[in-house]
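Subject: Structure handover

Hello,

Here is the structure I promised to pass on. Please open it and keep it on screen while you read my notes.

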Amino acid sequence: MNEFEEKMEKAIDNLATDYASIRAGRANPHILDKIKVDYYGTPTSMQQVGNVAVPEARTLAITPWDPKSIKDIEKAILNSDLGITPSNDGKSVYLKFPELTEDRRKELSKDIKKKGEDAKVVVRNIRRDANEAVKKQCKAGEISEDQQKTEEEKIQKATDKYVAEIDKMVDEKTKEIMTV
């Protein structure tokens, strides 16, 4: 049971990571988490290349530890799917986030719901695997039918708990996106 709950927990963590990288009109340093900078020939995360700060509500500032890497940081951002053109002042790279349009908010909202549904499918697949494991144990005589029923109920309760958590995450992120 613990093994299956850990897998469900990982599905929730993956969803949280996906949601952190969705741009909501406000500057969020986590949108840079998936971007790798070619730092002296090694793909390196943005947080290891420099200091990422939020000087204003819709601005991110990346101050590299090595000023020579500014061009590499800009190149990595331009090659990413952020859709933002970086600017620099010779010391830092700046990302200005435009206000989201209503159409873009609706599009992001649909994407959020889709990712939530995908996470629910993962949780339900884990439930199916757990139920199959319990049935095999019962057929092998390792547990009784009563124990099988009890375990299946525990598995269902865990599934319901994680699905409710996913729904809550979807609602919160959708509300964040739709707030002007």
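At what angle do the axes of helix α4 and helix α5 cross? They cross at roughly 170° and come within 10 Å. Before the rest, one caution: this is a predicted model.

**The helices**

Start with α4 and α5. Helix α4 covers residues 102-139, and helix α5 covers residues 145-178. An angle over 145 degrees counts as roughly antiparallel. The two helices are therefore roughly antiparallel to each other. Their contact involves 14 nonpolar, seven polar and 13 charged residues.

On the α1 side, the contact uses E5, M8, E9, I12, L15, A16 and Y19. On the α5 side, the residues include A158, Y162, I166 and V170. By class, this contact has 10 nonpolar, one polar and five charged residues.

How do α1 and α4 run relative to each other, parallel or antiparallel? Their axes come within 9 Å and cross at roughly 170°. That makes α1 roughly antiparallel to α4. From α1, the residues that meet α4 are F4, K7, M8, A11, L15, D18 and Y19. Among their partners in α4 are I112, A119, V123, I126 and A133. The contact of α1 with α4 has 12 nonpolar, one polar and five charged residues.

Look next at N131, which lies in α4. N131 is buried, with a relative accessible area of 19%. The cut-off for buried is under 20%. Leaving aside residues up to four places away in sequence, N131 touches E152 and I155.

**The sheet**

In what order do the four strands of the open sheet stand? The order is β3-β4-β6-β5, and the pairing is antiparallel. Strands β3 (50-56) and β5 (87-88) are at the edges. Each has a single partner strand, so one side of each is left without a neighbour in the sheet.

Follow β5 to its partner. Two bridges join β5 to β6, residues 93-96, and these strands run antiparallel. S87 stands opposite Y94 in β6.

Helix α3, residues 70-79, lies across β4, β5 and β6. Its angle to β6 is about 25°.

Strand β4 covers residues 59-64. Find L60 in β4. Is L60 buried or exposed? L60 is buried, with a relative accessible area of 0%. V49 is 11 residues from L60 in sequence, and their C-alpha atoms are 15 Å apart in space.

You will find G83 in the loop between α3 and β5. G83 is exposed, with a relative accessible area of 70%.

**The hairpin**

Last stop: β1 and β2. Four bridges join β1 (residues 36-39) to β2 (residues 42-45), and the strands run antiparallel. Y39 stands opposite T42 in β2. The hairpin has two residues between the strands.

Y40 sits in the loop between β1 and β2. Y40 is exposed, with a relative accessible area of 61%. Most residues other than glycine have a negative phi. Y40 is not a glycine, yet it has a positive phi of about 55°.

How many aromatic pairs does a search of the whole structure find? The search finds one. The pair is Y39 and Y40, with ring centres 5.0 Å apart and planes at 70°. Planes over 60 degrees apart count as edge-to-face, so the pair of Y39 and Y40 is edge-to-face.

Best wishes

Key:
Residues are numbered from 1 along each chain as its sequence is written. This is a predicted model: local features need pLDDT of at least 70, side-chain atom pairs count only at pLDDT 80 or more; totals for chains, interfaces and linings use all residues. Side-chain values use heavy atoms; hydrogens and water are left out. Two strands pair if DSSP finds at least two bridges between them. Contact means heavy atoms within 4.5 Å. Axes are lines fitted to C-alpha atoms, for helices over the stretch in contact, and angles run from 0 to 180 degrees between N-to-C directions. Rings of Phe, Tyr and Trp (its six-membered ring) pair if their centres lie within 6.5 Å; planes under 30 degrees apart count as stacked, over 60 as edge-to-face and the rest as tilted. Buried means under 20% relative accessible area, exposed over 50%, partly exposed in between (1.4 Å probe, protein chains only). Angles under 35 degrees count as roughly parallel, over 145 as roughly antiparallel, 65 to 115 as roughly perpendicular and the rest as oblique. Ala, Val, Leu, Ile, Met, Phe, Trp, Tyr, Cys and Pro count as nonpolar, Asp, Glu, Lys and Arg as charged, and the others, Gly among them, as polar.
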